[in-house]
Amino acid sequence: MLLRQAGAWLHRRAENIAAGMLAVMFVAFLVQIVFRYFFNFPVGWASELTVVLWLWLVLWGASFVVKESEEIRFDLLSGAAGRRTRIAMGIVTAVALLVLYSAAFKPSLDYVTFMKVEKSSYLKIRMDWLYSIFIVFLVAILARYLWLLWQLVRGRDPLESDITKATSGL
């Protein structure tokens, strides 16, 4: 109970951080438009900030905000499969993703730490700080798929879909 409440609180804070990044990105985008088209004075820092925040927003959201059930997936086959087959498919998928993300972890970490020698053009932020969100993303995805694999191995189908309730969302 307490762990679930703490998790819900952390999820809400992750959403707050994502909303803050989106707000700052939007303001920087507006500043960029105003300076470029009204003052004929393009500002590079606003463009750079927008790109950096977009990168962080996407990876932060994928790491901490988007739930497993909210991810985009092609579930035509798994939706038509029986429970045991769906669990087997989930196990194969989880193991494959764990292997791939684990294999990518060390080279990614090496690259991010190597990038400490570079700084961004306008904001002068070290590139290892800018790209560090990818390491956070890898750790979060590895933890998510380890948890999902554990649930599947125990016979639980956390992604059990009800095809009678499937909609396009429109």
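**Notebook: rings and a helix pair**

I started with the rings: ring pairs link Tyr 101, Phe 134 and Phe 137 into a cluster. I'm working on a predicted model, where local features need pLDDT of at least 70, side-chain atom pairs count only at pLDDT 80 or more, and totals for chains, interfaces and linings use all residues. Residues are numbered from 1 along each chain as its sequence is written, and side-chain values use heavy atoms, with hydrogens and water left out.

I searched the whole structure and got four aromatic pairs. Rings of Phe, Tyr and Trp (its six-membered ring) pair if their centres lie within 6.5 Å; planes under 30 degrees apart are stacked, over 60 edge-to-face, the rest tilted.

I looked up Phe 35 with Phe 39: centres 5.5 Å apart and planes at 65 degrees, so edge-to-face. Phe 35 is partly exposed at 30% relative accessible area, while Phe 39 is exposed at 54%. (Buried is under 20%, exposed over 50%, partly exposed in between, with a 1.4 Å probe and protein chains only.)

Next I took Tyr 101 with Phe 137, also edge-to-face, at 6.1 Å centre to centre and 85 degrees between the planes. Tyr 101 sits in helix H4 (residues 83-114) and Phe 137 in helix H5 (residues 127-153), so this pair ties together parts 36 residues apart in sequence. Helices are DSSP runs (H or I, at least four residues), numbered from the N terminus. Tyr 101 is partly exposed at 25%; Phe 137 is buried at 10%.

Definitions and conventions
Helix = DSSP H or I, 4+ residues; strand = E, 2+ residues; numbered from the N terminus.
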